[in-house]
Amino acid sequence: MSDKPESPKILKTPEPSDPDMENVNQLSTEQLQQDQENSVTENAPPMAEQNVNNGETEATENAAEVKPDESVNNGETEATENAAEVKPDESVNVKEENDGTTSSEPEERGDPFEKSGSNLSESVNVIKNQNADQDHEDGENGAAANEQSVEPPTENERQGDQEETGAPVAASTEEHPEQVDEPKEQGEEQQDQAANKENEVELEKEKTQDELKLEKEKIQDGVEPEKEKTQDGVESEKEKTQDVVEPGTEENPVVSAEATGGELETRETTSPQIPVAPPVNQNMLPSVPRLLSPDQDGTETSMEGTMSNSALNIIWSFGLNRDVPVLNLTDKDRKMILYPCAHVGVLYDFQNNKQHILQGHTNAITCTCVSEDKKWLVTGDKGEDAMVIVWDTTTGTPIQTLFDLNPDGGVVAVALTPDARYLATLSSARSQLLSIWDWTIDGESPICTAQLSPDYGVQNYIYFNPEDFHYLVTNSSSQVIFCHWDERCLEYFAPPLSDQDFNKQVGNYSQSIFQSNSSRALTGTSIGNLVVWDNNKPLTKVVSTEQSADKKALKIIKLQERGINVLTTTDKYIVVGDMAGHVKFFDQTLKLIYWYQDFHLGPITSVSFSHIPEFAPIAPEGSKYPGDATISAKNFVIRDFVVGTNIAIFGNVTADGTKVQVIHREHDAAIHALSAHPKMPYLVIGSYSGLIQIWNYEKRTVMVSRTFERGLHIRCSSFDPKGEYLAVGFTNGTVRILDAITLNDEMSEPFRYSRDAITHLVFSHNSVYLAAADAEHSLTVYKKQNSAEDPFDYLGRYRAHYKPINDVLFGIHLDSNLPRLMSLGEDRVLVEYDLVASVRDNLVIASSDRIEQSGIPKCMAWYPPITKEHFLITANDQYKFKLFNATTKMCRRTLLGPTYGSPVLKVSILPTKEQTLDGMEKRYLAYHTEDKVGLHILPLDGNPHNSMALIAHPSGVSNLVCSYDGRYLFTAGGSDSAVHMWEVNINALEAQSRLGGEDLLPFYGLLDGGREGELFSELEDYFYYGQIRNQGVDSQEIRKVSTKIQLAEVPFVMRALGFYPSEQEIEDMMNEVKFSEYVETGQYVEEIDLGEFIKLYVNHRPAFGLSPDKVLEAFDILGIPTSEGCAVERGELLDILQSKGEHMTEYELAEYLSTLLGHNLEGGSSELHNIDPVEAGELIDQNLPHQITADMFSKQILGFSMYTDAISD
């Protein structure tokens, strides 16, 4: 884009009616022609589509060497520097308004691409390199970006245009078929140009309004005017581009003779006519970037999410981020808004109730902005792997990505220049970076950057000056910063302002803007003040329009009593949104023009206006625009706009008739309650705001909602299996039974037996029992009764856990249809309750089993009946799935679970029943980790390719439920107030599994080095040595080589591989193999082959190896701080090893320690060596220090060098 001249000169030119204008035009043309001949090389190639409609119908005679637009536009070139003070392109624009008035504005112009000191030929090359083939419909006014996308002409088309435009061309052949001429040679074109000049003016006068309308429709339909041109095509092209100019805005100050009805004398020089560009809007400096995007065929396309190649795909998002302003993308073709929802952006067509999900961020989106023409959208996040993404809103595809290599990086604010060429970002680091990016060219590094002091606070708002985008303002709650930038540097000023400066309270800053046609800027505050900033120079009565980043506070205006949250502009108005929910419109002198106060949507946090290029502030006949606040009470005509509030409500305001449409009314607090109807496509969402909604997730509509009284925060909910009741638990311990359709209370009074938050609510399969777990580690059971008034009654309450309850589950007894109830706590205990024997106030416990030794179980579910044995599946914090026999509670299998950054926190069996080729059921398991959601193929076997996961909510997943038919998953994000709806694609998951290989191939990949690695080679050696040990090491008989080893050798081979299981873990491994075929054959398995052993090793070993943190943690708890770290006294350590945990005998302890200290042969008694415990005890006393630290225990006793780095840290 262009750089503004350091000292721009505003050249005032006479009015078009001034008789001196003719002399001015002739003088400037002669000087311009002379300079061009001296500065431009002869071989400068003609450039298509770079000519600007700057008021002249012809240019210089050196047409083949110089482009008239490249001299006129480049305010700093040698040609224009030597020219007269008044340039031909700086004449006055006379604009006919719809009300019949005229206005004139001078223009400040600078070359969009030229650097200071470069000559005209250099600027030609720069312009050519900077996207020379700009579409002439795509003018700086930004209006053409809203039309159907028009392909830029190809190189052949441009060359053809240059040949065709050697002489003035007429309008399209359809309108004037009699004037079609064949392309002429360059000399003939120059000779004929002067002769055709008068015809051009006459044709312009004869243009009717219908013809202008037809030309405009051609542009909108994507017709390229360059394809067929006749002699009068110049006028036709100019009319088309002028039709695109947005009504009510300042047009290009340069007006041709044709555009003003022939009032200005045309120039006598001739030049080849190149396809012209649209007039430049004074507020829109260089051209809009043109990035390649999919062609638009003009047909309506749905952007709603559909099935993708992933096993899970977000197709709808419930909720929104109320902390990020909503953006209005509405134009004449669509009614759409953009808002973030967790880590995705949502393009929501609120007219057709469709969403398109923008996926790409791994962190929650923190800021957004959109270009003036609503074409380009920018989203940014902060955190690890933060990025800024630029999207095309018409296709929903990412165009550019800016990555942040800082681990704590990211952005808190972004802004685009009015022409969308440059992007400003504010980093989230403590010392913030303000960066300017030329994102259409370079996404790797910014043009210029400035580091801001932490004393300025967190700057969280950016605003470019729409009249000169080289000036911008940012602000935090305590400091406003004004900046000026160019391609070389960025300088900023932070003017101080305190309550004492004007002897009045300032308040916290909210947003800042630049005042139109003035050097002043405005900042809103939290107490209703408006701070006026102006250039830091002596005060005068003359209002200056010269911009400067060096500003100071001029005055503080008490605009209103309520705090100002939003300060923005639209057309000629200054717009204010406040805490009272009002939206006010002021003129540039801060006189109140209109006031919207009856929205009743909550405190305003964002106001965003639609983009209508042809918008004119004139009320059509029959419209219902309200009258403004002036004495004349004229119709107040503005663009429609969208408001967002801090209570998560979005509303669309139609100015004609002042109609308010509520687009979204969502949750403004954490969402934890999530339930899917067992038979219908209904979803219940409840939050800490007290709002509960029932959605029809297939139609994407809210069926019914209810807001509970203040202080009732919804924590959990559950449908009964019949779909008649909905149980809702609150953070204050109350439980309500509601009608599942109307949300009316079914109980005369809610249950209040708990004093802390209800964390789990579960119904039995026959809807007879309701179990509620609370944060006091207790379980309360309610039983259904035959009462029309109160369908449920209290049964009993029991505190069976001493740590939080992680899951509650109802099941069915195998020998009857009676329900069974279990609870699982962080205390590693699985408790089963005897519901049959329980009576009121006496809840009976049937059994209590400790199912984990070191891991903490997180969740449980009933394993589907795809095996003959009935299992209960659990997931623990060590990334393991465990299958327990439903009757004996014996651990039957341990399997490696998904390892996607955090352990599985909840599992749910998809209620689908897929059939395999052999007629067996194919089932799937849905799960969520701390921030991800995934699917897993059943049966579980430890194959990592059978599972997948995607980021669901970066701030954490609080709940997961499945639809009744298994087609969808729903995840709640807790603090992000969002719920995502995921479409399940089983075929993609199966394809992923097959790509990972079959049989043992996936497990070979989990071994270090794979099938050909050193570990596998050692494993084979250990495997065969186990056979030797079993047959006797000292035996002289012939060895029998087998593919299997005895189960008794399994622990030794595991230890040889570096896995040191506890006795409990050894027992679980032995039972897993021993009973693997018992249900089918009734026989025990006593041997294991190599393949099964590899699976056993991979599934049971620690998912991420041995951790030195465990040793450090143990010594920190047991030891006494010393200069070398926490140390444990030798006698105390020996006593702990013999009395705590899996305690050792005195003989075992003596043998193991003496062997570890190197005084016995390796293997000890396990290798048939004899150990003398008395001698071993003396060796321990002599060689074991009295004070043992974690470092000493790891390095000198265990011999683990891997611990050295971690312990030293």
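In the hairpin formed by β46 and β47, 3 residues lie between the strands, and R828 adopts a positive phi near 70°. This is a predicted model.

- Strand β46 (residues 819–825) runs antiparallel to strand β47 (residues 829–839), and 4 bridges join them.
- L821 has Y833 in β47 as its bridge partner.
- β47 also pairs with strand β48 (residues 842–850), in the antiparallel sense and over 7 bridges.
- The bridge partner of V831 in β48 is S848.
- The hairpin of β47 and β48 has 2 residues between the strands, and D841 in its turn has a positive phi of about 65°.

- One of the residues concerned is V575, whose bridge partner in β28 is F585.
- In general, the strands of a sheet pair through backbone hydrogen bonds, in either a parallel or an antiparallel arrangement.

- N517 is a residue other than glycine with a positive phi, near 55°.
- N517 belongs to the loop between β22 (509–514) and β23 (521–525).
- The relative accessible area of N517 is 49%, so this residue is partly exposed.
- K889 likewise is not a glycine, yet has a positive phi of about 65°.
- The loop between β51 (880–885) and β52 (891–896) contains K889.
- K889 has a relative accessible area of 12% and is therefore buried, under the 20% limit for that class.
- The peptide bond from L938 to P939 is cis, with omega near 5°.
- P939 is located in the loop between β57 and β58.

**Nonpolar cores**

- The largest nonpolar core comprises 52 residues, of which F318, L935, L969 and F970 touch the most other members.
- Leaving aside neighbours within four places in sequence, L969 is in contact with L312, L910, A926, V933, L935, L960, V961, C962, H980, M981, W982 and V984.
- Another core, of 28 residues, lies apart from the largest one, and V480, L497, W533 and L559 are among its members.
- In soluble globular proteins, nonpolar side chains tend to be buried together.

**Helix packing**

- Helix α10 (residues 986–995) has I986, A988, L989, E990 and S993 as buried residues.
- These buried residues of α10 pack against β55 (921–922), β56 (924–928), β57 (932–937), β58 (947–951) and β61 (978–984).
- G997 follows α10 and has a positive phi, near 105°.
- Helix α17 (residues 1108–1118) packs with helix α21 (residues 1190–1198) at an angle of about 135°, and their axes are 9 Å apart.
- The helices α17 and α21 are therefore oblique to each other, given that angles over 145 degrees would count as roughly antiparallel and those from 65 to 115 as roughly perpendicular.
- At this contact, V1111, L1112 and F1115 of α17 meet A1190, F1193 and S1194 of α21.

- R755 is situated in the loop between β40 (735–739) and β41 (758–763).
- With a relative accessible area of 72%, R755 is exposed, because the class begins over 50%.
- Neighbours within four places in sequence aside, R755 is in contact with N732 and E776.
- The side chains of R755 and E776 are joined by a polar contact of 3.3 Å.
- The C-alpha atoms of R755 and D774 are separated by 8.3 Å, with the two residues 19 residues apart along the chain.

Methods. Residues are numbered from 1 along each chain as its sequence is written. This is a predicted model: local features need pLDDT of at least 70, side-chain atom pairs count only at pLDDT 80 or more; totals for chains, interfaces and linings use all residues. Side-chain values use heavy atoms; hydrogens and water are left out. Buried means under 20% relative accessible area, exposed over 50%, partly exposed in between (1.4 Å probe, protein chains only). Contact means heavy atoms within 4.5 Å. A polar contact is a pair of N or O atoms within 3.5 Å; within protein, one must be able to donate a hydrogen and the other to accept it, and residues adjacent in sequence count only if both atoms are side-chain atoms. Two strands pair if DSSP finds at least two bridges between them. A nonpolar core is a set of buried Ala, Val, Leu, Ile, Met, Phe, Trp, Tyr and Cys residues joined through side-chain atoms within 4.5 Å. Axes are lines fitted to C-alpha atoms, for helices over the stretch in contact, and angles run from 0 to 180 degrees between N-to-C directions. Angles under 35 degrees count as roughly parallel, over 145 as roughly antiparallel, 65 to 115 as roughly perpendicular and the rest as oblique.
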